[in-house]
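The stops below are meant to be followed in order.

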Amino acid sequence: MDTIRIQLNNLLDTEKLGRFLGETAGPGETICLDGDLGAGKTTLVQAIARGLEVPENCYVTSPSFAILHEYEGRIPMYHMDFYRLQDVGEVLDLGFEEYFYQRGLTVIEWSKRALEILPEERLTLELLQDGDERRIAIIQATTLFQKRVQNILEEF
Ligand code: ADP
Ligand code: MG
């Protein structure tokens, strides 16, 4: 799996990245987001939603209590947050893996907490805080996402 590292200098960079990820996302794809609280995962998901044409008035919040929020856009976005997950079995009990290969894009915050059940084809971004507004994104792409990662590299 290829790993790249890019620098996001401010909120605008994060929004640009998220929008690109949303615009280029296809049905049944999975994007995994990791990194500490406040790293910018939910912020990135909000931009992904804009790229997917989820209406502007549809406010995207972290689903840490509900664990899953669903939004209608060009294709649906299934936003999951595994922060409060006790164990992987819970994801299976809730039937979340059934969303993975449907017609929407699945975006998962704290994906590492359920590594065992993630789809093999996935784009993983780990966000690291590097100052007030600067973030480092460590991006890992399986085959399906490699071309997109090339495009990201050219832009950042
Ligand atoms: P997480 O979901 O990882 O806990 P949030 O997206 O909820 O993080 O919070 C990130 C916070 O950091 C927000 O208040 C956001 O405005 C701020 N922030 C500042 N700069 C950036 C950036 N470059 N990218 C993402 N968030 C940023
Ligand atoms: Mg969050």
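Begin by selecting Thr 42 and Glu 109, both of which are buried, meaning under 20% relative accessible area with a 1.4 Å probe and protein chains only. This is a predicted model, in which local features need pLDDT of at least 70 and side-chain atom pairs count only at pLDDT 80 or more, while totals for chains, interfaces and linings use all residues. Residues are numbered from 1 along each chain as its sequence is written, chains are lettered from A and ligands numbered from 1 in the order in which they are written, and side-chain values use heavy atoms, with hydrogens and water left out.

Thr 42 belongs to helix 2 and Glu 109 to strand 5 (residues 105-109), so that the pair, 67 residues apart, links distant parts of the chain, with helices (H or I, at least four residues) and strands (E, at least two) taken as DSSP runs numbered from the N terminus.

Now turn to ligand 1 and display the 15 residues around it, among which Thr 14, Gly 38, Lys 41, Thr 43 and Glu 133 come nearest, a residue being counted when one of its heavy atoms lies within 4 Å. Helix 2 (41-51) and helix 1 (11-24) each supply at least two residues of this shell, and helix 2 gives the most, with 3 residues.

Finally, look for the polar contacts, pairs of N or O atoms within 3.5 Å: a polar side-chain atom of Thr 43 lies 2.5 Å from an oxygen atom of ligand 1, and a backbone N or O atom of Gly 38 lies 2.8 Å from an oxygen atom of ligand 1.

Notes. A polar contact is a pair of N or O atoms within 3.5 Å; within protein, one must be able to donate a hydrogen and the other to accept it, and residues adjacent in sequence count only if both atoms are side-chain atoms. Buried means under 20% relative accessible area, exposed over 50%, partly exposed in between (1.4 Å probe, protein chains only).
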